[in-house]
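Hello,

Here is the structure I promised to pass on to you. Please open it alongside this email, and my notes on what turned up will follow below.

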Amino acid sequence: MISARTLALFFVLLAFWLLLSGQYNALFIGMGVASAALVTALTHDMVERELGDRPSTVRAVALKTWWFAVYTVWLFARILPAGVQVAWFVVHPRMPIDPHMLRFRTQLSSPIARTIFANSITLVPGTMSVTVEGDEFCVHTMVPASAADLISARMQNHVGRVFLEPPQPPPEIVWEPALKETAP
Amino acid sequence: MSALTAVGAALVSVGVAFLAVSAVGLLRLPDLYTRAHGVAKAETLGLILVFGGLLLFPQVDFAVAVRLVAVIFFSVVANPTAVHAIARAARREGLGVWTREPS
C-alpha cells in the first residue's frame with residue numbers, strides 16, 4: 001500500500017527534477033520519473049520512520065505549518081547576527097573569545113526534532129552542536145553568554161512547537177571546563 | 001543600473017566579504033571547534049547574501065530563481081551538517097577545547 005506521504009515525496013522530487021532540468025521532453029521527464037521513483041523507493045522507509053506519526057487532524061497540520069513558518073523566520077533572523085558576531089571575533093585584533101563546551105539533556109523526543117534542533121544550534125550566534133547521543137547534546141560556545149537560549153530552553157521550545165511537543169523546563173547544564181565564578 | 005540591481009550588487013559584495021572573513025577565520029582562530037564556527041556561520045551567511053543578491057538581478061528569470069533559492073536552502077541544511085560531522089569526529093578522537101586560560 002502506497003501512503004500519501006510516499007506519493008508526496010515522489011511528486012516533490014519529480015517537481016524538483018523538472019525545475020532543475022528545465023527540459024520538458026520525453027527523455028528528460030522519463031529520466032526524472034525514474035530518478036524520483038528510485039529515490040522514493042530507497043528513502044520512503046526512512047522518511048516514514050523519522051517523521052513519526054502522521055498528524056491526525058487538519059488542525060494539527062495547520063498548527064505544525066504555522067509553527068514551522070515561525071521557526072523558519074526566527075532561524076533566518078538569527079543567521080545574520082551569527083555571521084556578524086563570528087566575523088567580529090575573527091577581525092578583532094585580540095579575538096575576544098572564551099570557548100567552552102557544555103552538555104545538557106533535551107526532552108525533544110523525535111529524531112527529526114533533535115536533528116533540526118542540532119542544526120539550529122549551529123546556525124544561531126556563538127553555539128555549535130558537536131555531538132548528539134540519544135537525548136544528550138554536547139555544544140561548543142564561543143563565549144559562555146551565547147548559550148543563554150539553550151540554558152533557558154527557549155531554543156528547544158522553538159523547535160518543539162513545530163512538532164507539537166510541550167514546553168520544557170530549563171535543562172541542567174554541565175560546563176567543560178567549569179565556568180569560573182565571576183564576582184558580582 | 002536600476003535601484004534593484006544596485007541593492008543586489010551590494011548584497012553580493014557584503015556576502016563576498018563574509019566569505020572572505022570565513023577564510024580569514026579559518027587561518028586565525030585557535031582550534032578546530034572555533035574554526036568550525038567561522039565556517040558554519042560566516043560562510044552560510046555569505047552564501048545566503050550572495051545568492052539572495054543575485055535574485056535581484058534583471059537577468060534572473062523564474063527557472064534561475066528557483067535554482068538560486070535551492071542553493072540557499074541546501075546551504076542552510078548542508079553547511080551545519082558538514083560542520084557537525086567534522087566537530088563530532090574531532091570530539092570522538094578526544095580533541096580538547098582551546099581555552100582562554102590554561103585550566
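Before the details, one definition: a salt bridge here is a side-chain nitrogen of Lys or Arg within 4 Å of a carboxyl oxygen of Asp or Glu. Please also keep in mind that this is a predicted model.

**Salt bridges**

Searching the whole structure gives 8 salt bridges over all chains. One of them joins the side chains of Glu136(A) and Arg103(A), at 3.7 Å from N to O. Because Glu136(A) sits in strand S3 of chain A and Arg103(A) in strand S1 of chain A, this pair ties together parts that are 33 residues apart in sequence. Glu136(A) is partly exposed, as its relative accessible area is 24%, and Arg103(A) is also partly exposed, at 26%.

A second pair to look at is Asp135(A) with Arg105(A), whose side chains meet in a salt bridge of 2.7 Å, N to O. This pair links distant parts of the chain, 30 residues apart: Asp135(A) is in the loop between S2 and S3 of chain A, and Arg105(A) is in strand S1 of chain A. Asp135(A) counts as partly exposed, with a relative accessible area of 27%.

Asp149(A) forms a salt bridge with Arg154(A), and their closest N and O atoms are 3.6 Å apart. Here Asp149(A) is buried, at 13% relative accessible area, whereas Arg154(A) is partly exposed, at 47%.

There is also a network of salt bridges that links Arg103(A), Glu136(A), Glu176(A) and Arg91(B).

**The sheet in chain A**

Which order do the strands take in the open sheet of chain A? The 4 strands run S2-S3-S1-S4, with antiparallel pairing. The edges are strand S2 (127–133) and strand S4 (174–176) of chain A, each of which pairs on one side only. On average, neighbouring strands of this sheet are turned by 25 degrees against each other, direction ignored.

S2(A) and strand S3 (residues 136–141) of chain A run antiparallel and are joined by 6 bridges. Within that pairing, Thr131(A) has Cys138(A) in S3(A) as its bridge partner. Helix H4 (residues 111–123) of chain A lies across strand S1 (100–105), S2 and S3 of chain A, and runs at about 150 degrees to S2(A).

**Backbone points to check**

Most residues other than glycine have a negative phi, and most peptide bonds are trans. A few places here are worth a look with that in mind. The peptide bond from Glu176(A) to Pro177(A) is cis, with omega near -5 degrees; Pro177(A) belongs to the segment after S4 of chain A.

Met95(A), which is not a glycine, has a positive phi near 45 degrees. You will find Met95(A) in the loop between helix H3 (58–91) and S1 of chain A, and it counts as buried because its relative accessibility is 13%. Leu164(A), also not a glycine, has a positive phi of about 55 degrees. Leu164(A) is in the loop between helix H6 (154–162) and S4 of chain A and is partly exposed, at 39% relative accessible area.

**Between the chains, and on the surface**

Met95(A) comes up again with Arg28(B): contacts of Arg28(B), leaving aside neighbours within four places in sequence, are Val90(A), Val91(A), His92(A), Pro93(A) and Met95(A). Arg28(B) is part of helix H1 (residues 3–28) of chain B and is partly exposed, at 32%.

Lastly, Ile2(A), Leu7(A) and Phe11(A) make a nonpolar surface patch of about 310 Å². Ile2(A) is in the segment before helix H1 (4–21) of chain A and counts as exposed, with 55% relative accessibility.

Best wishes

How values were computed: Residues numbered from 1 in each chain as written. Chains lettered and ligands numbered in written order. Predicted model: local features only at pLDDT ≥ 70, side-chain atom pairs only at ≥ 80, totals over all residues. Heavy atoms only, no water. Patch = residues over 30% accessible without salt bridge, like charges linked within 9 Å, V, L, I, M, F, W, Y side chains within 5 Å. Areas by Shrake-Rupley, 256 points an atom, 1.4 Å probe, with all protein chains shown as cover. Helix = DSSP H or I, 4+ residues; strand = E, 2+ residues; numbered from the N terminus. Buried < 20%, exposed > 50% of the residue type's maximum accessible area, 1.4 Å probe, protein only. Pairing = 2+ DSSP bridges. Axes fitted to C-alpha atoms, helices over the stretch in contact; angles between N-to-C directions. Contact = heavy atoms within 4.5 Å.
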